[in-house]
Amino acid sequence: MNKIILKNNDLFLVDIDDAVSVKKIQTPFSNIENISINISESTTLEIRHENEDETKNEIFIKIMPNIEVKLIEIKDNSCHKAQYHIDIEEDSILNFYKLYNIEKNKELIHINLNGRRAQCHYFFKTITTNDEKYNIIVNHNASDTQSFINNAGVNIEDGKLYFDISAFVPHGMKNCYADQTARIINLTNNKCIINPNLYIEDSDVVANHAAAIGRFSDEEIFYLMSRGIKKEDAINLLIKGFLLENLDLDDTHLDWLINNIEKKVMKNV
Amino acid sequence: MNILKIDNITVSIEEKVILKDFSLTIKSGEIHAIMGQNGTGKSTLVRIIMGDPAYKLESGKIYFNDQELSAMSVDKRARLGVFLGMQMPTEVDGVTNADFLRTALVNRDGKDFKLYSFIKKLDESVDQLQMNKEMIHRSVNKGFSGGERKKNEILQMKMLEPKVVMLDEIDSGLDVDSLKMIGEEVIAYHKVNKPAIILVTHYKRLLDYIKPDFVHIISDGKIVKSGDFSLVLEIEEEGYKGLKNRVSIDCVAKVNKPNE
């Protein structure tokens with residue numbers, strides 16, 4: 001699998017084939033790391049952040065026409081600030097999985113569906129212990145484009161989780177599909193926010209949004225406990241179910257997420 | 001011999017009293033049918049035995065052998081061997097049936113849990129219940145039809161091997177063939193494991209397959225009449241209203257005698 005590792009201002013490329021080209025752009029007098037990734041063939045790419053210190057990234061990703069890409073981004077530990085510019089060209093599909101286990105994070109993500117029939121399937125999972133803010137902007141710049149934006153977070157300890165999701169379908173962009181789902185399981189008394197926004201200027205569009213912040217229902221916990229499962233194990237099972245849902249990933253990535261759930265969440269249940 | 005003893009309990013939900021001074025004793029191997037009109041307290045009875053926190057035990061106690069069940073958490077009761085097959089089994093999104101059952105058995109058996117035996121038994125039970133094998137890897141009850149949910153409850157019963165089986169309107173939502181199969185599965189389980197069984201039902205059709213030793217009619221939170229299977233036939237003939245008119249208040253004093 002193509003793999004990019006970002007570690008303390010260094011960039012490591014592992015098993016990168018011809019489908020992926022990566023450039024690091026040095027910005028003078030700035031501590032922002034700029035990385036440009038160009039994907040020209042159907043492939044799977046993992047981007048892993050292993051920074052020990054606070055980092056700032058600007059990441060440009062271009063998905064060329066007629067391909068399907070699975071992109072898996074993993075952020076482990078430390079604090080991050082990042083901007084993403086993702087361009088998806090005609091007849092291409094991006095399946096983007098973001099699995100996070102971090103201290104603090106702030107992201108601005110631009111997803112540009114530039115070519116006809118371009119699609120983005122976006123699945124974000126995080127376990128929040130501090131401040132995390134995500135601003136996701138989806139631009140349907142062509143007709144017949146589709147976006148499925150799925151955000152899920154479990155908020156624990158001193159966590160404050162914020163999602164602002166906006167989809168733009170300008171006038172003249174026909175037969176587009178814009179779908180947003182965001183759900184936060186808040187196991188603290190802190191305030192979490194979800195702002196789902198749909199800015200639709202054309203009438204030939206299907207658009208949905210669903211947003212929910214809450215805890216697991218008493219009925220679900222009772223049902224699991226009525227089969228002999230201890231309360232903490234019941235909540236752990238529900239959290240795993242919540243975070244693992246919709247993830248079409250291999251065992252290594254699922255195990256990474258499961259281990260983090262067990263390490264981070266269990267002590268808070 | 002296991003004994004479930006419900007000792008003079010009064011139960012409320014949202015400050016409304018549902019069961020009043022209710023007593024019943026059930027021994028292992030016995031099958032008790034609880035019948036009655038809607039809203040008389042049948043489901044409340046099995047829910048309070050299981051420990052549903054939505055129901056409040058105002059007074060009285062529930063014992064399983066010499067242990068006070070009513071002082072235990074829901075999961076402890078279940079690990080002791082109490083099982084409730086629910087009227088409307090809950091959907092648990094994202095948690096697969098297999099994960100759910102494995103976690104339940106690991107919680108019960110600890111280090112004695114054997115993965116191979118678990119998989120083998122699960123496979124056999126799914127076949128016996130003519131369930132689609134793929135359902136094992138789907139979220140618990142998510143997208144299941146009414147009948148599939150009820151079969152899933154029976155699957156859990158078979159896997160967990162409880163000593164007290166409470167089935168709350170397990171017959172609702174089942175077609176004739178599924179009802180027969182579930183009836184036969186419960187009887188087969190009863191034959192081997194000899195659990196105490198409490199069946200909550202409105203209809204005779206389930207009791208044609210699972211013949212009860214005792215039938216109790218509940219009205220206004222109390223048992224107003226107890227008897228054998230012939231009582232079910234009376235209900236079929238006269239309905240609850242007709243029967244209620246014939247039952248005088250002194251029946252209440254007699255009802256617990258078959259079990260004492």
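This is a predicted model: local features need pLDDT of at least 70, side-chain atom pairs count only at pLDDT 80 or more; totals for chains, interfaces and linings use all residues.
I34(B) has V200(B), a residue of β10(B), as its bridge partner. Strand β3 of chain B covers residues 31-35 and is joined to β10(B) by four bridges, with the two strands running parallel. In general, the strands of a sheet pair through backbone hydrogen bonds, in either a parallel or an antiparallel manner.

These two strands belong to an open sheet of six strands in chain B, whose order is β6-β9-β10-β3-β11-β12. The pairing across this sheet is mixed. At its edges stand β6 (82-85) and β12 (222-227) of chain B. Each of these has a single partner strand, so one side of each is left without a neighbour in the sheet. From one strand to the next, the twist averages 20°. A helix, α5(B), packs on the sheet and touches β6 and β9 (164-168) of chain B. The direction of α5(B) makes about 165° with that of β6(B).

Helix α5 of chain B also takes part in the contact between the chains. That contact draws 21 residues from chain B and 20 residues from chain A. On the side of chain B that touches chain A, at least two residues come from each of α2 (74-80), β7 (92-96), α3 (97-109) and α5 (146-160). The most is given by α3(B), with six residues. By residue class, this side of chain B comprises ten nonpolar, five polar and six charged residues.

D21(B) lies in strand β2 of chain B, which spans residues 16-27. Its phi is near 40°, a positive value in a residue other than glycine. How exposed is D21(B)? D21(B) counts as partly exposed because it has 13 C-beta neighbours inside 10 Å, and a residue would need 20 or more to be buried, or 12 or fewer to be exposed.

The other residue is K194(B), which sits in the loop between α6 (176-193) and β10 (196-200) of chain B. K194(B) is not a glycine, yet its phi is positive, at about 50°. With 15 other C-beta atoms within 10 Å, K194(B) is partly exposed. The loop that holds K194(B) ends at β10 of chain B, the strand that contains V200(B), the bridge partner of I34(B).

Note on methods: Residues are numbered from 1 along each chain as its sequence is written. Chains are lettered from A and ligands numbered from 1 in the order in which they are written. Two residues are in contact if their C-beta atoms, placed from the backbone, lie within 7 Å. Ala, Val, Leu, Ile, Met, Phe, Trp, Tyr, Cys and Pro count as nonpolar, Asp, Glu, Lys and Arg as charged, and the others, Gly among them, as polar. Two strands pair if DSSP finds at least two bridges between them. Axes are lines fitted to C-alpha atoms, for helices over the stretch in contact, and angles run from 0 to 180 degrees between N-to-C directions.
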